[in-house]
Amino acid sequence: MTDPVSTSGSGFDFQKALFSFEGRLRRSHFWIGWLICLGIGVVAGWIPLIGLVISLGLIWPNLAITVKRLHDMGLSGWLAVIPIVANIVGFIMMFVSVGASALMNSAALENEDPAAIMALIGPMFGIVAILFLVNIGFLLWVGLSEGKPGPNKYGPNPKGL
């Protein structure tokens, strides 16, 4: 198993941390990697088409650091799919609720009734809020939970303890 913490001067091997799914990653290195991905994503968001490609490319490093943090906690990396599945289900629910509201209130929508429009977009706000809480909760759980001391089946402790 490879360890993303190197013995070089910086103490942090970016290539292994952001692109490999093997080994463990300590909390501080997780947050460094997460902030790097966030910064690249924000800057790339200003560039229309290239930004979309870069944002899609950032899925890999985000998954890599999340999987390694889960490994440090002694958990399977497959738990990283929790927010992905939650987002997919949430967006499906959002489209179904908007579609059902549009079908049930089509006459009111044609008359541009404000209550009908709020009935159409109201469920979207609730679902977006729930998805936000799930994603933030997962991020904080992975980023703030203590790793298992000593070696585990995913490799040695990145703190060297």
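The model is predicted, so local features need pLDDT of at least 70 and side-chain atom pairs count only at pLDDT 80 or more, while totals for chains, interfaces and linings use all residues. Residues are numbered from 1 along each chain as its sequence is written, and side-chain values use heavy atoms, with hydrogens and water left out.

The overall picture first. The protein has seven helices and zero strands; helices are DSSP runs of H or I with at least four residues, strands are E runs with at least two, and both are numbered from the N terminus. The C-alpha trace spans about 70 × 35 × 20 Å along its principal axes. Of the 161 residues, 31% count as buried, meaning under 20% relative accessible area with a 1.4 Å probe, protein chains only.

Now the helix pair. Helix α2, residues 27-44, packs with helix α4, residues 59-72, at about 165°, and their axes are 10 Å apart. Axes are lines fitted to C-alpha atoms over the stretch in contact, and angles run from 0 to 180 degrees between N-to-C directions. That makes α2 roughly antiparallel to α4, the term for angles over 145 degrees. From α2 the contact takes R27, F30, G33, W34 and C37, and from α4 it takes P61, N62, I65, T66 and R69, where contact means heavy atoms within 4.5 Å.

Notes:
Parallel < 35°, antiparallel > 145°, perpendicular 65-115°, else oblique. Buried < 20%, exposed > 50% of the residue type's maximum accessible area, 1.4 Å probe, protein only.
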